[in-house]
Amino acid sequence: MLDTLSKSLFHLLAASDGLKRLASTYGMRSPESFARRFIAGESVHEAIEAARQVQARGMLVSLDLLGESVASHTEAAKATREYLQVIDEIIDAGVERNISLKLTQLGLEIDRATATDNLRRILDVAGRHEFFVRIDMENSPFTEVTLDIFETLWQLGYCSAGVVLQSALKRSEQDMQRMMRLGARIRLVKGAYKESRSIAYASKSDVDAAYVRMMRVLLTDATYPAIATHDPAMIEATRAWAQERQIPPERFEFQMLFGIRRDLQQSLVDEGYRVRVYIPFGREWFPYFMRRLGERPANVGFVVRGILSEG
Ligand code: FDA
C-alpha cells in the first residue's frame, strides 16, 4: 500500500516543471550535490570515470545516457547521435562495452518506425564493435511494442541486444517464455513504474513471489540472465536456487544501480558472483532520479539535507 502511494506521489512530482528546474539547479552542481548519489554526472567523461572505479572494484558496468519520452523527430535523432558518440567515447576509454537505453528516448512515443530505425543505427555500430545493448523496459503502454521491436530486430540478426522484464506485470511470465524461445538475454526487475491493478500485482509479496518464480526459470533454462535487484531476500533466493541446482556463478549475473547498496554489491563480488552496476548519466536525469526517490522515501531526507547544505 505504502509502496503504491509513494510511487504515485513521485510519479506526480516527476511531472512538475518547477521541481525539475529546482532540482536541475542544485542536483549536480558540485561533487557533493545530492543527485550524484544516484547519477554519475552529466557528461560521458564522468560516467567513464565512474565505470573505471566500479571496474576496479571487480564489477561489470552498463552505461546509460539518461533520457526518455522525446516528443519530436529532431530530439530522437539527437539522442541517437549522442548514443553513437557515447559508443565512440567508450571505445576510446577502453571501459567495458555495454550500454542500456530506452526506446522512448529514440522516438517510440512519436511512432514505432522512428524508434526502430534509430535503434537499428545504434545496433549496427554497436554490433561492429562488440557492444552489448540492453533495451530498458518502460511503463506498460510500451511493453508489447518494445518486445515486438526487439523480436523483429533479433530475427534480422541483431542478437547482441537484451530485454528487461518486470515481475510486477502479470503478463511477464508469458513474455519470458516468448523471449526465452528466441534465446535472448533477459534482465529481471521488479518494475519501477506505477501500474494499474488490472495488469500488475498490487502487493509487494505478489511482486516478490513472481520475481522468485521467474528467477528460477531464468537461472535454470535461459541464456545468461541478469538478476537485477537490491532486495536481500531476492538475492538470497537466487543464491539458494543456484546452489540447489548446481548452477555455477558464471551462468548469470546480479545487477544493481549506481549508488545503491554498494556494500551488497561488494560482498557478492567477494563471494565470487558477477555483479554489474548500471551507471546512469546525462542532463536528463530528473525522471530517473524521481523513480529512485519513489522506491525509498527515506532518500528524500537525504535530498533535503543536500539542498539545505548547498545553501
Ligand atoms: P525493493 O524495491 O523491494 O527494495 C529492496 C531494498 O533495496 C530496499 O529495502 C532498499 O534497501 C534497497 N533499495 C531499493 N531501491 C532503493 C533506492 N532507490 N534507494 C536506496 N535503496 C534502495 N525497472 C524498470 O521498470 N525497467 C528497467 O529497465 C529497469 N532496469 C533496472 C536495471 C537495474 C540494474 C536495476 C537494479 C533495476 C532496474 N529497474 C528497472 C528498477 C527496478 O524495477 C526496481 O524499481 C528497483 O530495482 C527497486 O527494486 P528492488 O528489486 O531493488 O527491490
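Contact means heavy atoms within 4.5 Å. By that criterion, residues 24 or more positions apart account for 72% of the contacts in the protein chain with a separation of 6 or more. The model is predicted: local features need pLDDT of at least 70, side-chain atom pairs count only at pLDDT 80 or more, and totals for chains, interfaces and linings use all residues. Residues are numbered from 1 along each chain as its sequence is written, and side-chain values use heavy atoms, with hydrogens and water left out.

The protein chain holds 12 helices and eight strands. These are DSSP runs numbered from the N terminus (helices: H or I, at least four residues; strands: E, at least two). The radius of gyration is 19 Å, close to the 19 Å that the globule rule gives for 311 residues, so the chain is as compact as a globular protein of that length. The radius is taken over C-alpha atoms, and the rule is 2.2 Å times the number of residues to the power 0.38. Along its principal axes, the C-alpha trace spans about 55 × 45 × 40 Å.

Of the 311 residues, 52% count as buried. Buried means under 20% relative accessible area, exposed over 50%, and partly exposed in between (1.4 Å probe, protein chains only).

The search of the whole structure finds seven aromatic pairs. Rings of Phe, Tyr and Trp (its six-membered ring) pair if their centres lie within 6.5 Å; planes under 30 degrees apart count as stacked, over 60 as edge-to-face and the rest as tilted. One of the pairs joins Phe-252 and Tyr-273 and is tilted, at 6.2 Å centre to centre with 45° between the planes. This pair links distant parts of the chain, 21 residues apart. Phe-252 lies in the loop between α9 (232-244) and β7 (253-257), and Tyr-273 in the loop between α10 (262-270) and β8 (275-281). Both Phe-252 and Tyr-273 are buried.

Trp-285 and Phe-289 form an edge-to-face pair, 5.6 Å centre to centre and 90° between the planes. Trp-285 is buried, with a relative accessible area of 1%. Phe-289 is buried too, at 2%. Ring pairs link Phe-38, Trp-285 and Phe-289 into a cluster.

Helix α9 contains Trp-241. Trp-241 is buried, with a relative accessible area of 11%. Leaving aside neighbours within four places in sequence, Trp-241 is in contact with Met-215, Arg-216, Leu-219, Thr-220 and Ile-247. The C-alpha atoms of Trp-241 and Arg-52 are separated by 32 Å, and these residues are 189 residues apart along the chain.
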